[in-house]
Number of protein chains: 2
Amino acid sequence: MPPQRATLLQVAQRAGVSRSTASFVLAGRHLDMRISEDARQRVLRAAQELDYRPNLMARSLRTKVTRTIALVSDTLASDPYAGRAIHGSLAAAVAHGHLLFIGETEGDPLIEEKLISDFLDRQVDAFVYASMFTRYVRIPKLLRGRPVVLLNCLTRAAKPAYHAVIPDEVAAGWSAARVLTEAGHRDGIYLTGTPARHVFAGRERLAGIREGLAAAGTKLAGTIECDWWPDSAYDAVSRALRSGLRPRVLICLNDRVALGAYQALRGAGLDIPEDVSVVSFDDSELAAWLRPQLTSISLPHYQLGWQAVELLLGPAQEPGVVRIPMPVRQRASVGKAIDVA
Amino acid sequence: MPPQRATLLQVAQRAGVSRSTASFVLAGRHLDMRISEDARQRVLRAAQELDYRPNLMARSLRTKVTRTIALVSDTLASDPYAGRAIHGSLAAAVAHGHLLFIGETEGDPLIEEKLISDFLDRQVDAFVYASMFTRYVRIPKLLRGRPVVLLNCLTRAAKPAYHAVIPDEVAAGWSAARVLTEAGHRDGIYLTGTPARHVFAGRERLAGIREGLAAAGTKLAGTIECDWWPDSAYDAVSRALRSGLRPRVLICLNDRVALGAYQALRGAGLDIPEDVSVVSFDDSELAAWLRPQLTSISLPHYQLGWQAVELLLGPAQEPGVVRIPMPVRQRASVGKAIDVA
DNA sequence: AAGGGTTGCTAGATGGGTTTAGCAGTGAAC
DNA sequence: GTTCACTGCTAAACCCATCTAGCAACCCTT
């Protein structure tokens, strides 16, 4: 049996004023409304004595502002690391005095519509529309014209109507290339993992890698094709090694691929980074656990989530695509190139 | 500019009835209130034509029920896997027609108080109070006497006032022991990882392991002390192997420890499971990625989250501690014991 | 003494629902 | 012809804030 909350009426009565006066005082509008200092003090004291907290439902009913936002994702909560995007959104929401609802659509348009309706029925102020993988999306009808920021996804509109926050994958590709070229690597650089055309991260990472290597006057020696999972990478890299391939560098399209590559290289008796350097993307927990620790270009989930909510609740800006830098986590898997001249 | 929502008044006017009548019809209380079938149909049609959806803020103001719950955690959203508990809670909440707020206290009592106040101001119906690590907690003052379920934590109260949902770690210890004894292992079984007394999971897992082994007429040969991280485990196991220890089985207190153990065993030229069998706890993603795949006793985060909300919103039950089974994920890291007789 | 300005406050409408209490109208019973 | 029950509905209170419009009291001016 928690204590009954005091209402504004009770505060007003205790202070000997009307509800209106109490409301003005507590809203800090006493100057507007010319409330005497004496009355003000009485209201403030009464509110404190009764431990008054306004009923935000009642306030919101009147003001149409709930100070709540909803994060609608496809499967964000399911993914271990993408959960950090939720964490970042949450932190930014709280920093702006808002609370955060979360909801998952499982990628199902019917669930999505139901979920958004439920949020609208509760009068949420704004939405973060998030995707697990970076991709193009259509804004659901119910969200059109409302305050929405896209998290890890984009619309195809020529003139963007919404903010979109995505990781800067092209720059990340450049970073990976720079890590290698600065260590003197120019030859035997193989991409590991299939950069499927429809996978945003793969396409852009590859583009950045190509540009970065080209800028340093070199290029990829080839690609070891595989899915983005340890198993597939292990098989592919093992096969490549057995067929006589002797890479000097593997650029793995994510850390899971790197794990598979590590296992394959170890299995073939090759040392990292003495025989083969490895650089990867994502900087998941795994990267710091591998031996040697893996140099990886970080996917800043937390920042993505934070920035999305910041665009939603911070000072208004022209809608557009915000690309969040992917910082390099330099560790021990990239060695100096041996001069073969 | 999203379309203006129709109000109950507009529905009533279009149907040619009063707000009261429209409300009764839409609440399905037409029999109670003796509304003619004709009037009922008119209201229903009007509601459909106007695409009427009730304003839940207004309803909640009156009924004191918001159909929202709050998940208050210390650092749950930060942890990759514990995020699945949020996912489970979310799914259960939605299944009961509720929406879920989340909030993080970072373990700070001041933030916690502020956060809970914010939730109470928004009239949430109930709380899930969650902890990252299983541990004893005190219920915050503001939550006393309200509907609260503890997720992955416990109170010390002799007579429990709240439901608590925790993983059944003792049974998990038994399971680990059973996996080994059924494969014929009796000797050279080493615990890996320090089961600190104040760490619930460690204490209970160890107790279960001891009981399980004893029931099969054997016991632990010793403990390789280390923190619950790959690095520490790698160092400790490497050191133990160098000092001449020849374990037949390592029971790792979690998958990260198992990763370190794998690395150390591999480094010493030992094969898994031919030379050494490994069993572990948590069944994180990692377990399926290691070579050979790791047999691990699963920490069912999703189930924990689901069950907590189920206890909150499902049929009322006597408060008490609910232990969620930790299923065995049998993979390839445990081999048959070689008969040394 | 009438008119105007200022000060300090309040009545009451408003938001959009739920729910209690009760009112007409009809038909049947006595 | 009165009483009664029943049917079908509605007025208005209620939840708890916000906020517009305006009132009473006082002082000052002319």
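Student: Which residue in β4(A) is the bridge partner of Arg135(A)?
Tutor: That's Cys153(A). Keep in mind that we're looking at a predicted model.

Student: Okay. How do β3 and β4 of chain A pair, and over how many bridges?
Tutor: Strand β3 (residues 126-136) of chain A and β4(A) pair in the parallel sense, over six bridges.

Student: What about β4(A) and β5(A), how do they pair?
Tutor: Those two also run in the parallel sense, this time over three bridges. In that pairing Val149(A) stands opposite His163(A) in β5(A).

Student: And is β4(A) mostly covered or mostly open?
Tutor: Mostly covered: six of the seven residues in β4(A), which spans residues 148-154, are buried.

Student: Let's move to helices. At what angle do α1(A) and α2(A) pack?
Tutor: Helix α1 (residues 8-15) and helix α2 (residues 19-26) of chain A pack at about 100 degrees, and their axes are 8 Å apart. The two helices are therefore roughly perpendicular to each other.

Student: Which residues meet there?
Tutor: From α1(A) you have Leu8(A), Leu9(A), Val11(A), Ala12(A) and Ala15(A); on the α2(A) side they meet Arg19(A), Thr21(A), Ala22(A) and Ser23(A). By class, that contact has six nonpolar, two polar and one charged residues.

Student: New topic: how many residues does each chain put into the contact between A and B?
Tutor: Chain A gives 37 residues and chain B gives 37 residues. On the chain A side, the elements that each supply at least two residues are α4 (56-63), α5 (83-95), β2 (99-104), α6 (109-121), α10 (255-267) and α11 (285-289). That side has 19 nonpolar, eight polar and ten charged residues.

Student: How many bridges join β2(A) to β2(B)?
Tutor: Three, and the two strands run antiparallel. Phe101(A) stands opposite Phe101(B) there.

Student: Now chain B. What's the strand order in the open sheet of six strands?
Tutor: The order is β7-β6-β8-β9-β10-β12 in chain B, with mixed pairing. β7 (222-224) and β12 (328-329) of chain B stand at the edges with a single partner strand each, so one side of each is left without a neighbour in the sheet.

Student: How does β10(B) pair with β12(B)?
Tutor: Strand β10 (residues 295-298) of chain B pairs with β12(B) in the antiparallel sense, over two bridges. One spot to look at is Ile297(B), which stands opposite Val328(B) in β12(B).

Student: Which strands does α10(B) touch on that sheet?
Tutor: α10(B) touches β6 (189-192), β8 (249-252), β9 (277-282) and β10 of chain B, and its direction makes about 155 degrees with that of β9(B).

Student: How many residues of α10(B) are buried?
Tutor: Eleven of its 13. Among them are Val257(B), Leu259(B) and Tyr262(B).

Student: What should the helix α10(B) span?
Tutor: At 1.5 Å a residue, its 13 residues should span 18 Å, and the end C-alpha atoms are 18 Å apart, which agrees. After α10(B) comes Gly269(B), with a positive phi near 80 degrees.

Student: Last one: is Pro167(B) buried or exposed?
Tutor: Pro167(B) counts as buried because 26 other C-beta atoms lie within 10 Å, and the cut-off is 20 or more. You'll find this proline in strand β5 (residues 163-167) of chain B.

Student: What does Pro167(B) touch?
Tutor: Leaving out residues up to four places away in sequence, Pro167(B) touches Thr134(B), Ala172(B), Leu299(B), Pro300(B), Leu304(B), Ile324(B) and Met326(B). Also, Pro167(B) and Val322(B) are 155 residues apart in sequence and 8.2 Å apart in space, C-alpha to C-alpha.

Terms used:
Residues are numbered from 1 along each chain as its sequence is written. Chains are lettered from A and ligands numbered from 1 in the order in which they are written. This is a predicted model: local features need pLDDT of at least 70, side-chain atom pairs count only at pLDDT 80 or more; totals for chains, interfaces and linings use all residues. Helices (H or I, at least four residues) and strands (E, at least two) are DSSP runs, numbered from the N terminus. The expected span of a helix is 1.5 Å times one less than its number of residues. A residue is buried if 20 or more other C-beta atoms lie within 10 Å of its own, exposed if 12 or fewer, and partly exposed in between; C-beta atoms are placed from the backbone. Two residues are in contact if their C-beta atoms, placed from the backbone, lie within 7 Å. Ala, Val, Leu, Ile, Met, Phe, Trp, Tyr, Cys and Pro count as nonpolar, Asp, Glu, Lys and Arg as charged, and the others, Gly among them, as polar. Two strands pair if DSSP finds at least two bridges between them. Axes are lines fitted to C-alpha atoms, for helices over the stretch in contact, and angles run from 0 to 180 degrees between N-to-C directions. Angles under 35 degrees count as roughly parallel, over 145 as roughly antiparallel, 65 to 115 as roughly perpendicular and the rest as oblique.
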